[in-house]
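Please keep the sequence and the model in view while reading.

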Amino acid sequence: MKKKLIAVLLTGAMVCGAAMPVAAADKKWTIATDTVFKPFEYTDENGDFVGIDVDILAAIAEDQGFEYELKSLGWDASIAACQAGQADGMIAGASITDERKESGWMFSEGYYNATQSMTVKADSDIAGFEDLDGKTVGVKTGTQGASYAESLKDEYKFEITYFEDSPTMYQAVLGGQVVACFEDTPIMASSIKDGGLDLKIVEGTENEGSPYGFAVFSEDSQELLDMFNAGLKDIKENGTYDEIIAKYLGEDAVDSEEAEETEATEETEDAAETEEAAETEEEAE
C-alpha cells in the first residue's frame, strides 16, 4: 500500500513538474510595431514584413525560446495598444528618453543609436536652421524628430505641422506644403536611397541622438523585457546582431554606442595583455 501511495505521489509530482514548463512555453507574447519605418520595419516587394527590428526580435525570441505575434499597427496605435494592455511590448525604433520613462515607458538596453536631422528638397536653398524663419516644417507625431523640431522652434521662429506617418511627411516636403522635415537620420537616409526621393539631409543638422529600445508599459511584461535584454546580449556576443545590421545598413554601419563599448573592451584587454607581458618579463629576469 505504501509503495502504491509513493508511486502515485511520484507520478503526480512528475506530471505537475512537466506541466509547469509546458504552460510557460505556451505563452505567446503580443508585440506591436510600426508599419513604415524603413529599414527598421517595413514591407518588402514580396509583401513580407521585414527590417532590423523584425530580425532582431526574431533572433532574440529564438535565442530565449519564447513565442510572439508581431502586429504591425503604426506608431501611435502601437503605443495605445501597449497602454491599453492589448499588446505586451513594442519595438518600433523607439528612442530611449527620460521623458518617456517618466510617463510609464519601461525600456530594454539600447540596441541601436540614432540621431535626428533635418531634410529638405534636393534643390532647396535651405542650408541650416537659420533659413527656417517664418516657414513651416513637418514632423511625425510623438517621435524624437518632433521633439527635436519643437526644441528649435522658438529660437529659429518656424512653425510645425504634424503627420501620422513618415511617407506622408516626405510627400509634404516634396509637394511644398512644408519646407523641411525632421526625421531619424538612418531612416531618412534609407528612404532617400531606396525610394529615390528627391530629398537631401542638411549637413550639420544632426543632434546627439539616443539609442532605440524595446519597450513595455506594464510590470506584467517584465519577463519579456528581461528575455529581450538577455537575448540581445547573446546575439551581440555571437555575431548575429552585426549580421543583421550589415544586412540592412551595410558592412560599415556601426552602432556608435556599440563601437564605444567595443573600443573600451579592447583597451581593457590591451592593458591587461601589457601588464601580463610586463609581469612575465620580470619573472624571466
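The points below are grouped by topic and refer to a predicted model.

- The buried residues of H5 are Gln144, Gly145, Ala146, Tyr148, Ala149, Leu152 and Tyr156.
- The cover over these buried residues includes helix H4 (98-102) and strands S8 (116-121), S9 (136-140), S10 (159-163), S11 (180-184) and S13 (210-212).
- Threonine 143 is in the loop between S9 and H5. Its relative accessibility is 9%, so threonine 143 counts as buried. Beyond neighbours within four places in sequence, threonine 143 is in contact with Trp75 and Arg100.

**Backbone geometry**

- Most residues other than glycine have a negative phi, and most peptide bonds are trans.
- Lysine 157 follows H5 and has a positive phi, near 55 degrees. This lysine 157 lies in the loop between H5 and S10 and is exposed, with a relative accessible area of 52%.
- Lysine 38 and proline 39 are joined by a cis peptide bond, with omega about 10 degrees. Proline 39 is found in the loop between strand S1 (28-33) and strand S2 (42-43).

**Threonine 30**

- Threonine 30 belongs to strand S1. It counts as buried because its relative accessibility is 15%, and the cut-off is under 20%.
- Apart from neighbours within four places in sequence, threonine 30 is in contact with Glu69, Lys71, Gln86, Ala87, Asp88 and Gly89.

**Aromatic pairs and cluster**

- The model has 18 aromatic pairs. In one of them, phenylalanine 37 and tyrosine 212, the ring centres are 6.4 Å apart and the planes are at 55 degrees, so the pair is tilted.
- That pair links distant parts of the chain, 175 residues apart: phenylalanine 37 is in the loop between S1 and S2, and tyrosine 212 is in strand S13. Phenylalanine 37 is buried at 4% relative accessible area, and tyrosine 212 is buried at 0%.
- Phenylalanine 129 and tyrosine 156 also form a tilted pair, at 5.4 Å centre to centre and 50 degrees between the planes. Phenylalanine 129 is in the loop between S8 and S9, and tyrosine 156 is in helix H5, 27 residues apart. Both residues are buried.
- One aromatic cluster is formed by Phe37, Phe40, Tyr111, Tyr112, Tyr212, Phe214 and Phe228.

**Charges over rings**

- Lysine 38 lies over the face of tyrosine 42, 4.9 Å from the ring centre.
- Arginine 100 has its charged end over the ring of tryptophan 105, 5.0 Å from its centre.

Terms used. Residues numbered from 1 in each chain as written. Predicted model: local features only at pLDDT ≥ 70, side-chain atom pairs only at ≥ 80, totals over all residues. Heavy atoms only, no water. Buried < 20%, exposed > 50% of the residue type's maximum accessible area, 1.4 Å probe, protein only. Helix = DSSP H or I, 4+ residues; strand = E, 2+ residues; numbered from the N terminus. Contact = heavy atoms within 4.5 Å. Phe/Tyr/Trp six-rings, centres within 6.5 Å; stacked < 30°, edge-to-face > 60°. Lys NZ or Arg CZ within 6 Å of the ring centre and 35° of its normal.
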